[in-house]
Amino acid sequence: YINCLKSQDYSNLNIIAIDNNVELDNDDVKILCAQFPELEIIRPGYNTGFGAGHNILINRAKQTGSEFYAAFNFDMLLEPNFITELLNAALKNPRISSATGKIRMWDFDHKERWGNNGRTNFLDTTGLQITHGHRFLDRGQGEIDHGQYDVEEDVFGSSGAAVLYRMSALEDVAYVNLEGKKEYFDELMFMYKE
């Protein structure tokens, strides 16, 4: 995953990760630090969960002066131009708050047999849509990708698995909790997609 970020054709990236392990001196961090010494790893010493973890990372991105915050799950593999394409879409209009791309499903069970590292042509999501009954669905989920979502268009929202947010938009939706702390993501959301 980190190699995919380092291989992006857009190079002005600050890669920041959060380690939710309760042991601060764990093997995962040692391996990451040895292989990627430039990686910034925040280690709170407890499992922050989804919402609070992103809030920690967003606050760190604010400290670096970033105009955008890209959120990626650790199991994502990105095409080399993914971030550039998201930025190009977001920069077309200052009112665009987030951008996402096609996210495809993986075939973990057969990745060696097919020699494709698990890549499939089945869509996981191309953004979120809302139904009349106020249910949220992943647009295109389970469909075979034959280019039907290749055109840029507005979507209701973006999956938190791979999304670029405009920092000013995150500020617009943030709220101050009872402890006086600003939350961009609801910290009651411990798991992804609660």
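**Exercise 1.** In which loop does L78 lie, and does L78 count as buried or exposed?

Solution. The model is a predicted one, in which local features need pLDDT of at least 70 and side-chain atom pairs count only at pLDDT 80 or more, while totals for chains, interfaces and linings use all residues. Residues are numbered from 1 along each chain as its sequence is written, and side-chain values use heavy atoms, with hydrogens and water left out.

Step 1: L78 is found in the loop between β3 and α4, where helices (H or I, at least four residues) and strands (E, at least two) are DSSP runs numbered from the N terminus.
Step 2: L78 counts as buried because its relative accessibility is 7%, the classes being buried under 20% relative accessible area, exposed over 50% and partly exposed in between, with a 1.4 Å probe and protein chains only.
Step 3: between the C-alpha atoms of L78 and H134 there are 31 Å, the two residues being 56 apart along the chain.

**Exercise 2.** Describe the second largest pocket by its volume, its lining by class and the elements that supply the lining.

Solution. A pocket here is an open set of points on a 1 Å grid over the protein atoms alone, where a 1.4 Å probe fits, with protein on both sides within 12 Å along at least five of seven lines, and lining residues have an atom within 4 Å of a point. Grid points are joined across faces, edges and corners, and the volume is the space filled by probe spheres set on the points.
Step 1: the lining comprises 30 nonpolar, 12 polar and 4 charged residues, with Ala, Val, Leu, Ile, Met, Phe, Trp, Tyr, Cys and Pro counted as nonpolar, Asp, Glu, Lys and Arg as charged, and the others, Gly among them, as polar.
Step 2: at least two lining residues come from each of α1 (2–6), β1 (16–18), α2 (27–35), α3 (49–63), β3 (68–72) and α4 (82–90), and α3 gives the most, with 6 residues.

**Exercise 3.** Which side chains make polar contacts with that of E183, and which side chain of opposite charge is the nearest to E183?

Solution. Step 1: E183 belongs to strand β11 (residues 182–183) and is buried, yet has no salt bridge; a salt bridge is a side-chain nitrogen of Lys or Arg within 4 Å of a carboxyl oxygen of Asp or Glu.
Step 1: the nearest side chain of opposite charge is K181, 6.0 Å away, where Lys and Arg count as positive and Asp and Glu as negative, and His and the chain ends are not counted.
Step 2: the side chain of E183 makes polar contacts with those of Y175, at 2.7 Å, and N177, at 2.8 Å. A polar contact is a pair of N or O atoms within 3.5 Å; within protein, one must be able to donate a hydrogen and the other to accept it, and residues adjacent in sequence count only if both atoms are side-chain atoms.

**Exercise 4.** How many salt bridges does a search of the whole structure find, and which parts does the pair E171 and K62 tie together?

Solution. Step 1: the search finds 12 salt bridges.
Step 1: E171 and K62 form a salt bridge at 3.2 Å, N to O; since E171 lies in helix α6 (residues 167–173) and K62 in helix α3, the pair ties together parts that are 109 residues apart in sequence.
Step 2: K181 and E187 also meet in a salt bridge, at 3.0 Å, N to O.
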